[in-house]
Amino acid sequence: METAVGVSFQEMGTKSELSLLNEAYHAMLQAKQEKGNSVKVFDMNRQTEVMRSKPHLIHELKKAIVNKEFVVYFQPIVNATTGGVHYEALLRWFSSKLGPVPPDAFIMAAEESDFIQEIDAWVVEKVCEHIANSHEELRHVSINLLIKTFQSTELETKLLAACSKHGIDPSFIELELTEHTLLEDEQLLIEKLGCLRKSGFKVAIDDFGMRHASINYLRVLPVDKIKIDKAFVQNLKRNSKEHHIITSILTLAKKIGVRVTAEGVETVEQAKMLVEASCDELQGYLFGKPTPNEIVQKASKQAREQWSSLL
Ligand code: G
Ligand code: MN
């Protein structure tokens, strides 16, 4: 038998219990990658070293699935009206060579190397497995997929195969359309989204308002939801520009019949303003950080309690 111990600590009550558990879990995964018994202390700085060499990153990335270095984390999203909780699946990479690698760094690298399709397929399979094997709390889950993946010919087949393998209704899964590049073939994407929705999947536009995720997307793409980018929410103050922009987006979305999630909610004040403006769903560190699936039950309870305290 081998023992892997992860340690996290805080100074003067600066972190929540859940963040500490989360960091200890990261450290434990790193400890597991060592031979024999091992104890590791969570080290945030190990995350930055990797940014320096992209070819090296891609080389390591290609071994990550086989070496079981990927983990899907789940972040709670709270229904502002009912307090019901569902989750966004967020991929995390704990590389044995590089330590925890920030998602932005490896997703971009994977996208450039076309390896992203393989990663996306792995995430879809894992999420379905988690939904099938977890408790009730992990029922409805959003998955981030790049436009590139949406435009691939096999996405719908792969999604339906994963759902049927694990006995999951497609309506449990929401697909978040994420993009780092300009939309090239609009017509193809419209068709694909239409097919996916016909099969029962829900579709959301991620990071709405930033870069290319514009009002034109809302005009042309058949979607169920938009997720207002955290840049707007994080600067939300009463009567600020962000306040006017968000309330206008909410009015517009209501008229078009599209639901709205606000991302990056970090303070009670922001949450209250969003509820006042009739935002449908709230997501952000105030309600919970992304956590391993083992802690989801606890995370749901914490998110619901936070929501109740807003009323
Ligand atoms: O692009 P997308 O919206 O899927 O990005 C989600 C990312 O945002 C995740 O990596 C998650 O860790 C991060 N995130 C989620 N909630 C918050 C928050 O309240 N504040 C900040 N700064 N980041 C957040
Ligand atoms: Mn997302």
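**A predicted protein model and its ligand shell**

The side chains of Gln283 and Lys227 are joined by a polar contact of 2.8 Å. A polar contact here is a pair of N or O atoms within 3.5 Å; within protein, one must be able to donate a hydrogen and the other to accept it, and residues adjacent in sequence count only if both atoms are side-chain atoms. The model is predicted, so local features need pLDDT of at least 70 and side-chain atom pairs count only at pLDDT 80 or more, whereas totals for chains, interfaces and linings use all residues. Residues are numbered from 1 along each chain as its sequence is written, chains are lettered from A and ligands numbered from 1 in the order in which they are written, and side-chain values use heavy atoms, with hydrogens and water left out.

The confidence of the prediction comes next. The protein chain has a mean pLDDT of 88, and 93% of its residues reach 70 or more. This pLDDT is the predictor's confidence in each residue, from 0 to 100. Over residues 47-51 the value falls below 50, and in the model this stretch has nine contacts beyond near neighbours in sequence. Contact means heavy atoms within 4.5 Å.

Gln283 itself is part of strand 11, residues 281-283. Helices (H or I, at least four residues) and strands (E, at least two) are DSSP runs, numbered from the N terminus. With a relative accessible area of 3%, Gln283 is buried. Setting aside residues up to four places away in sequence, Gln283 touches Gln75, Pro76, Ile77, Glu88, Lys227, Thr261, Ala262, Glu263, Gly264 and Val265.

An oxygen atom of ligand 1 is 2.6 Å from an N or O atom in the side chain of Glu263. For Asn144, the distance from a side-chain N or O atom to an oxygen atom of ligand 1 is 3.2 Å. The side chain of Gln234 has an N or O atom 3.2 Å from a nitrogen atom of the ligand. The protein covers 80% of the 520 Å² of accessible area that ligand 1 has on its own; such areas come from the Shrake-Rupley method with a 1.4 Å probe, and for residues only the protein chains shown count as cover.

Most residues other than glycine have a negative phi. Asp207, in strand 8, has a positive phi near 50 degrees and is buried, with a relative accessible area of 14%. Lys68 also has a positive phi, of about 55 degrees. Lys68 sits in the loop between helix 3 (54-64) and strand 3 (70-79) and is exposed, at 72% relative accessible area. Asp114, which follows helix 4, has a positive phi near 65 degrees. Within helix 4 (residues 103-112), the buried residues are Ala105, Phe106, Ala109, Ala110 and Glu111.

Cys163, in helix 7 (residues 155-166), is buried, with a relative accessible area of 2%. Apart from its neighbours within four places in sequence, Cys163 is in contact with Cys128, Ile168, Pro170, Ile173 and Phe201. Ile190 belongs to helix 8 (residues 186-198) and touches Val220, Leu221 and Pro222, residues up to four places away in sequence not being counted.

Note on methods
Buried means under 20% relative accessible area, exposed over 50%, partly exposed in between (1.4 Å probe, protein chains only).
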